[in-house]
Amino acid sequence: MTTMEPDTETPSRKRVLCIEDEHFISELYVRALTKAGYEVDVQLDGIKGLAAAQTDTYDIILLDLMIPGATGIEVLRVLRDPTKTPKLRAKIIITTNLEQRDDARADIEQQADGYIVKAEITPHELVAFLSHLDG
Amino acid sequence: MGYFQNFIRQFRARLFLVIFINNALILADWYIVDRVVRLTGWWALAAIIAAPLLTLGIIPWLSTRTLTQPTKFLWQAIMHIAPSTAGDVPAPKPEQLHLGRELVTNLISQLYQLASVVQGVEKTNVKAAQDLHINFVANSLPLPLLALDKEDKIIYANESAAKYLGAPATDLTGQNVYTALDMSFMSNDTLNSWLTATKGKSVTADRRWERVRIGLPGQHGGLQFDLAAHYNQDNPTGYETLLVLFDHTKAYSEDDQALGFIAMGVHELRTPLTLLRGYIEVFDEEIGPGLDPEMQRFMRQMDASARQLTALVDNIQNVAKIEDNQLTLQLHEEPWPEMIEAAVSDMRLRAGVRGITIKTDIAQDLPTAGVDHYSIYELLANLLDNAIKYSKEKDEILVSAKLNTDGLIETSVSDHGAGIDGSILPYIFDKFYRNHRNRAQIGGTGLGLYLAKTIVEAHNGNIWVTSKQGEGSTFTFTVVPYNKLEETSKASGNTNITRSAHGWIKNHSLYRN
């Protein structure tokens, strides 16, 4: 007879990669996301962030655009280029405070699965946003 | 030539007749003396000499009148039209003439023609002198000057206008002013709308506009002018409308650059604001429930203030974008009640801090709207923010929406606040305009309503305000239902219609709708 393992003991918690160089912001996000049941890894720059993302062990990638190493846009481009990265299962959400030209923003939105202006949402609202993502 | 030959023939015939008569008389005299009277000696000699002497006296006297008559008529004609004696001498009547009537009639008519040509030349010279005068003044004027006719066609452009517009004056004349000048105004109150209204009811009128943009090929953002217009119905010169442009490009673009600079600085507030709101949320969630009511109120006040500051940053960023012509709309099909609810629920916290309640009254059967999600949210947030600012504590704000008789979705935000003085109503949508009397008590950048108007107009909607002092204000705007959006836009862009929101209202009706 098989029994369902309790959720808390299986690694079925959704994994989030947060590529964000602003320590205080990632701290708040980690706090809110962990409380909501996510498992969160933080990377502080674009190169390490890209390497982590390419392991394809995450469900959600939060990608800041203004990060050292490689910019978020460069990371996004590599992750979405089939010759450089096999198709990821993760949803990529752009998190930024950068003021974009609207056409540039539309371009990024097409490649990413979501776009968030950090100043406009609280960590709690970020959790709500992620819970609405498909899958 | 025929008249002259004729005249010579007539003249010769008359001369021949006179000489013939003369000779005949002399011969007859000689015959009478010799054969009839038979005079001899000295008597005969005296009689023969007397006859030619007699005819010499009489015949020239008689014939001269006839022979010189044509000359007299010509003299009369010349004296009649000569400037010094004009009016003293009557006009000749060549039909009374016997000799050379045709020639003289012809000569006189030529004379009169010449005279009228001279007169015409004289008049043209006077006008040319006047034109030269006007031209000199207009071309020395260091301001672009244009004159329009009844149909708003350019009939005169001075050198300065040609220089600014980069086209020779001759190319400008004949063009419709709205075609020749790519003008954009700050509001719907454009040259076109003013002229249309003025032509119906005024004989003369003057008007001045600030910050009129004129797009020129190869000039990013164009030049910015103040425009002054003078209208004079049925002006005899044909110059019905005069336009003078004052170039303020430098001053105005410095303003805009300042705004761009502020926007850049304000951007730096976003990270601290993100953090501030994050920490407030953590405190509120984790220690909020245990706090006493006063501390809880402070917490809410702190959260509301952080949100207000975030909205202010967004407004400045957006206006800077509009000025740089970079705000674009993505028109999607959106359920309208949800759009309103999203903005209202976000603003409830701010309202609640001052005990203000926001109620909604949304018609059941509203169609979906074709709007840009982000900017409509900002529009509603700005109108609600405005209503909250001007409301008294414990007031109620009502947001209502219905389908109006034109088939547009009409949304109103009403407050019961101080209301707006009638004298400032026309300006409240202007950039940087603020109610001066309230400046001390009520904060703001003067950008919120300008942004609201720009967003509504970019959606092809209208926004207006009704207000009674002491009773409150109602801001109403329209948006287009999704099924009414241009079929062509829908066909080409699927459900995703992009439209530029340049924040400047094109003058020409072609650009509207």
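A:Lys14 lies in the segment before S1 of chain A. At 31% relative accessibility, A:Lys14 counts as partly exposed. A:Lys14 and A:Ile60 are 46 residues apart in sequence, yet their C-alpha atoms are 7.8 Å apart in space.

The model is predicted, so local features need pLDDT of at least 70 and side-chain atom pairs count only at pLDDT 80 or more, while totals for chains, interfaces and linings use all residues. Residues are numbered from 1 along each chain as its sequence is written, chains are lettered from A and ligands numbered from 1 in the order in which they are written, and side-chain values use heavy atoms, with hydrogens and water left out.

Chain A has five helices and five strands. Along the sequence they follow the pattern β-α-β-α-β-α-β-α-β-α. Of the 135 residues of chain A, 44% count as buried. The accessible surface of this chain comes to about 7200 Å², and 54% of that belongs to carbon and sulfur atoms. Such areas come from the Shrake-Rupley method with a 1.4 Å probe; for residues, only the protein chains shown count as cover. Contacts (heavy atoms within 4.5 Å) were also sorted by separation. Among those in chain A with a separation of 6 or more, 61% join residues 24 or more positions apart.

Side chains of opposite charge can pair when their charged atoms come close. A salt bridge is defined as a side-chain nitrogen of Lys or Arg within 4 Å of a carboxyl oxygen of Asp or Glu. Over all chains, the structure holds 23 salt bridges. One of them joins the side chains of A:Glu20 and A:Lys118, at 2.8 Å from N to O. The pair links distant parts of the chain, 98 residues apart. A:Glu20 sits in the loop between strand S1 (15–19) and helix H1 (23–35) of chain A, and A:Lys118 in the loop between strand S5 (114–117) and helix H5 (123–131) of chain A. Both A:Glu20 and A:Lys118 are buried. Elsewhere in chain A, a network of salt bridges links A:Arg15, A:Glu39 and A:Asp41.

B:Lys150 forms a salt bridge with B:Glu240, with the closest N and O atoms 3.4 Å apart. B:Lys150 lies in the loop between strand S1 (145–148) and strand S2 (154–157) of chain B, and B:Glu240 in the loop between strand S5 (219–232) and strand S6 (241–247) of chain B, so the pair ties together parts that are 90 residues apart in sequence. B:Lys150 counts as partly exposed because its relative accessibility is 44%. B:Glu240 counts as buried, at 5%. Leaving out residues up to four places away in sequence, B:Glu240 touches several residues, including B:Leu148, B:Lys199, B:His230 and B:Tyr231. The side chains of B:Lys389 and B:Asp385 meet in a salt bridge at 3.3 Å, N to O. These residues are four apart in helix H12 (residues 373–390) of chain B, so about one helical turn separates them. B:Asp385 counts as buried, because its relative accessibility is 13%.

The surface of chain B also carries a nonpolar patch. B:Trp30, B:Tyr31, B:Ile32, B:Val36, B:Val37, B:Leu39 and B:Trp43 form this patch, with about 760 Å² of accessible area together. Patches are made of residues with over 30% relative accessible area and no salt bridge; like charges are joined within 9 Å, and nonpolar side chains (Val, Leu, Ile, Met, Phe, Trp, Tyr) within 5 Å. Helix H1 (residues 2–36) of chain B gives the most to the patch, with four residues. B:Ile32 is found in this helix. At 42% relative accessibility, B:Ile32 counts as partly exposed.

The two chains meet at an interface. Here 26 residues of chain A are in contact with 22 residues of chain B. Chain A and chain B bury about 2200 Å² between them, 46% of it on carbon and sulfur atoms. Buried area is the accessible area (1.4 Å probe) that two parts lose on being put together, summed over both. Two salt bridges cross the interface. A:Arg31 forms a salt bridge with B:Glu286, the closest N and O atoms being 2.4 Å apart. On the side of chain A that touches chain B, H1, helix H4 (102–111) and H5 of chain A each supply at least two residues. H1(A) gives the most to this side, with seven residues.

Definitions and conventions: Buried < 20%, exposed > 50% of the residue type's maximum accessible area, 1.4 Å probe, protein only.
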